[in-house]
Amino acid sequence: MKGYSRIALATIALAVAGATATFAAGPGDPKPVKETGGMWFDKDGAPTYNIAKDGTVDWGTFVGYLRYNSICLDCHGPDGSGSSYAPDLTQALQQLSYSQFIADVAGGIKSVNTAQDLVMPSFATNKNVMCFISEIYSYLRARSTGALGRGRPAKNAPDPKGFDEASYKCLGIPM
Ligand code: HEC
């Protein structure tokens, strides 16, 4: 996900629509099997968490926690647990595959009827979201399985070499 161009960012929703078949319906087994640059992935290649026995949270999931808090918390409440306005993502992520999740976040959702008027904005061009979409997913996935409790993780793995450079590149910030 790191380092894609502005154009790639704008077309991500389309790319995701085409990739839907890659992942099974639902999130599947969260077991981490592979690590790249501080991010863990499951056997299907979807982002996941890796929490050590002593509670140390992997770097990607920790970054997801920070990004969730800066962008999603306002509507979805602390720790992904929902608010009067937006749904509980710890429940939603029990059903959503990674591709469905990206499609929702990139595309936005709007349900308007007589009982409700709910709008989830599209984040497709928001680099603070899209550059860290795999991290946000792995954080919410950890919350949805109960592997991670509420609040700031007490311990996290260190920032891996190259992560900041890749993030700045994706965000378009000169180093
Ligand atoms: C401005 C408020 C707002 C913000 C900010 C926001 N959301 Fe939402 N989100 C909503 C609302 C409202 C819905 C329900 C939309 C509907 O059903 O019509 C929703 C729905 C969702 C869903 C679908 C849930 C389901 O039940 O399938 C996902 C996934 C989601 N949001 C993720 C995120 C993530 C990740 C972020 C941060 C990057 C975020 N949202 C930021 C308001 C927001």
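This is a predicted model: local features need pLDDT of at least 70, side-chain atom pairs count only at pLDDT 80 or more; totals for chains, interfaces and linings use all residues.
I began with the ligand and found that the space it takes is the largest pocket. I then looked up which element gives the largest share, and it is α3, with four residues.

Next I listed the shell itself: 23 residues stand around the ligand, and those that come nearest are Cys-72, Cys-75, His-76, Ser-111 and Met-120.

I went on to the N and O atoms. The side chain of Ser-111 has an N or O atom 2.4 Å from an oxygen atom of the ligand. For His-76, a side-chain N or O atom is 2.8 Å from a nitrogen atom of the ligand. Leu-118 takes part through its backbone, with an N or O atom 3.3 Å from a ligand oxygen atom.

**Nonpolar core**

I turned to the largest nonpolar core, which has 33 residues. Leu-93, Tyr-98, Phe-101, Val-129, Ile-133 and Leu-140 have the most contacts inside it. At least two core residues come from each of α3 (59-76), α5 (98-107), α6 (127-130), α7 (133-145) and α8 (163-171).

**Sheet**

Last, I traced an open sheet of three strands, ordered β1-β2-β3 with antiparallel pairing. β1 (34-36) and β3 (47-48) are at the edges with a single partner strand each, so one side of each has no neighbour in the sheet. Two bridges join β2 (residues 39-41) to β3 in the antiparallel sense. Phe-41 is opposite Pro-47 in β3.

Conventions
Residues are numbered from 1 along each chain as its sequence is written. Side-chain values use heavy atoms; hydrogens and water are left out. A nonpolar core is a set of buried Ala, Val, Leu, Ile, Met, Phe, Trp, Tyr and Cys residues joined through side-chain atoms within 4.5 Å. Buried means under 20% relative accessible area, exposed over 50%, partly exposed in between (1.4 Å probe, protein chains only). Two strands pair if DSSP finds at least two bridges between them. A residue is near a molecule or strand if one of its heavy atoms lies within 4 Å of it. A polar contact is a pair of N or O atoms within 3.5 Å; within protein, one must be able to donate a hydrogen and the other to accept it, and residues adjacent in sequence count only if both atoms are side-chain atoms. On a 1 Å grid over the protein atoms alone, a cavity is a set of points where a 1.4 Å probe fits but cannot get out, and a pocket is an open set with protein on both sides within 12 Å along at least five of seven lines; lining residues have an atom within 4 Å of a point. A molecule sits in a cavity or pocket if more than half of its atoms lie within 2 Å of its grid points.
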